Amino acid sequence: MPDHAISPTRDQDYPEWYQQVVRAADLADQSPVRGCMVIKPNGYAIWERMQSILDRMFKATGHQNAYFPLFIPLSYLEKEAKHVEGFAKECAVVTHHRLELGADGKLVPTGKLEEPLVVRPTSETIIGAMYAKWIQSWRDLPVLINQWANVVRWEMRPRVFLRTTEFLWQEGHTAHATREEAVEETLRMLDVYATFAERDLAMPVIKGPKPSGERFPGAVDTYSIEAMMQDGKALQAGTSHFLGQNFAQAQEIKFSSASGQEEYCWTTSWGVSTRLIGAVIMTHSDDDGLVLPPRIAPLQIVLLPIHRTPEERETVLACCRTLEAKLTAEHFGDEPLRVRIDSRDMRGGDKAWQHIKQGVPLRVEIGPRDLAAGTVSVSRRDKPPKERVSVPLDAIVEQASQLLEELQRGLFEKALAFREAHTVRLGSTEEVVAFFGGTAEPAPKGKGGSARSGFAHVHVADDPAVAAILDPLKVTVRCIPMEGDDEPGTCIVTGLFVNRRSVLARSY
RNA sequence: CGGGGCGUAGCGCAGUUGGUAGCGCGCCUGGUUUGGGACCAGGAGGUCGGGAGUUCGACUCUCCCCGCCCCGACCA
């Protein structure tokens, strides 16, 4: 066996490594439909963790869940000009509602629809239409609704979890009486995402507004959280949009104000998707497979009984059950520990490696020698695979949540250190070109670009001239960071005054 | 949609003067084993991505199609 479980390694071929991690951890499978994925139980369990944490956060900030239809009348999409422009190229359209058996024995669509239906690429239009019905008075505001749903965007280049034709997400849609309130909501949800990313996913993110070219179609302002993957590329991990009155005007979302005036609502929308699973994989995983932060790990501690004889099996398993009960009674992050005994009849080494590849944070081995000594043998996913520490049986119960906390924090700090090690401040176009490896740098044949350049903080104006310089480098302005010390300066391309530096990077 | 690479067992791969398939891992059975990817013996598993053509005969040659990966184009 090689000295690592995943081949190729990250250094050898990053995109291929990513796919092998997904396979080794049994997270997803290909579907017969191009660009779609089957999310397998191991992958879906991660999504369920994300859902449950985020859902609580949404409720805690006053939102309620609802569900809007998958199908959107074509005419709805036409209402907001920029919105159409942005999504028209990637819409699946339903034109028929029936199949008939043709002469050749094949099914053919018939029953043409009077108005084609678009499979939602996002739901602003249909939700807006409903809000227009529901909102009459300032007393009806704000409307704070979220929905968990699937959406379809006919992407040209799918990658499992990162960009698939159909994906799962949540989309929040809110309507407010004032601009200030809507902006506040936009930023509040951006904060929710940032907190979730950093606290639960252990993934450091940069919050900030997008330049105009990267805005959501129809938005006044788009804010994102941007994370750095281990190949130095940026991944947009969540977005929050201030939609101004654009959609309200297009869809007649109006209310009578306290002073009796008819006014347009101010709306927002915000979302994160199953892309976050890809983000977690690419932030933490190593050459032995998936590494999951304890807070989102569906299984936090796996108990591995070791025995030879039936008698040993009984006593060891009994001890495991007791330990499982004690551990399950403990809490980590306000939730009971997620513990399981893996008593499958297979070789211990294979079993252990399976859990390594699946990213289980803690492995606890219990064998006859442990029983005799009153200890267990503990391995951490953030340490080398063969490292084990002997711990007294009682101590593990007390220490479990603390260990998980250490792991969680360690992963965050490691990711943060990586980001910082690959972040620079640059002051000229020459430096930018040099940092990103020069123009038109071709990737190695058949390999992904393993050029691990990273983030460059640079003063740039929101101007086409900047894009003209960055374009050939395949670099984009990810966002303008809202936090951290920074000073005003002049744009390295246009010489225009700008308040802060922007983050430049290659991105997914 | 363009350029490149690739589709052979669950996974990773071999298989050129064309003669209808093999290796490693995995899987199943039995045994010996067992504190970190065991060993021995036996076994199951493939319409060689799909279709058409050339041929006595195609995994192999020709054409078309489909899918996957990388790079572009495109992308909240």
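Predicted model: local features only at pLDDT ≥ 70, side-chain atom pairs only at ≥ 80, totals over all residues.
**View 1. Helix α1 crosses α8.** Helices here are DSSP runs (H or I, at least four residues) and strands likewise (E, at least two), numbered from the N terminus. The axes of the two helices come within 11 Å and cross at roughly 110 degrees; axes are lines fitted to C-alpha atoms, for helices over the stretch in contact, with angles from 0 to 180 degrees between N-to-C directions. α1 brings Tyr-14, Trp-17, Tyr-18, Val-21 and Val-22 to the contact, and α8 brings Gly-278, Ile-281 and Met-282. Contact means heavy atoms within 4.5 Å.

**View 2. The buried side of α1.** In this helix, residues 14-24, the buried set is Tyr-14, Trp-17, Tyr-18, Gln-20, Val-21 and Val-22. Buried means under 20% relative accessible area, exposed over 50%, and partly exposed in between (1.4 Å probe, protein chains only). These buried residues pack against β1 (28-30) as well as α8 (275-284). After the helix comes Asp-26, with a positive phi near 60 degrees.

**View 3. Arg-478 in strand β24.** The strand covers residues 476-479. Arg-478 counts as buried because its relative accessibility is 4%. Its side chain makes a polar contact with the side chain of Glu-226, at 3.1 Å. A polar contact is a pair of N or O atoms within 3.5 Å; within protein, one must be able to donate a hydrogen and the other to accept it, and residues adjacent in sequence count only if both atoms are side-chain atoms. Beyond its neighbours within four places in sequence, Arg-478 is in contact with residues including Lys-210, Glu-214, Gln-236 and Val-503.

**View 4. Tyr-131 in helix α5.** The helix runs over residues 124-134, and Tyr-131 is buried at a relative accessible area of 2%. Not counting residues up to four places away in sequence, Tyr-131 touches Phe-68, Val-143, Ile-145, His-173, Thr-174, Ala-175 and Ile-253.

**View 5. Two cis peptide bonds, at Pro-8 and Pro-142.** The bond from Ser-7 to Pro-8 has omega near 0 degrees, and Pro-8 sits in the segment before α1. Leu-141 and Pro-142 are joined with omega about -5 degrees. Pro-142 belongs to the loop between α5 and β7 (143-152).

**View 6. Positive phi at Glu-252 and Lys-474.** Glu-252, not a glycine, has phi near 60 degrees. This residue is in the loop between α7 (246-251) and β12 (254-256), and Glu-252 is partly exposed at 39% relative accessible area. Lys-474 also has phi near 60 degrees, and Lys-474 is in the loop between α14 (464-470) and β24.

Note on methods
Residues numbered from 1 in each chain as written. Chains lettered and ligands numbered in written order. Heavy atoms only, no water. Left-handed = near helix turned anticlockwise from the far one by under 90°.
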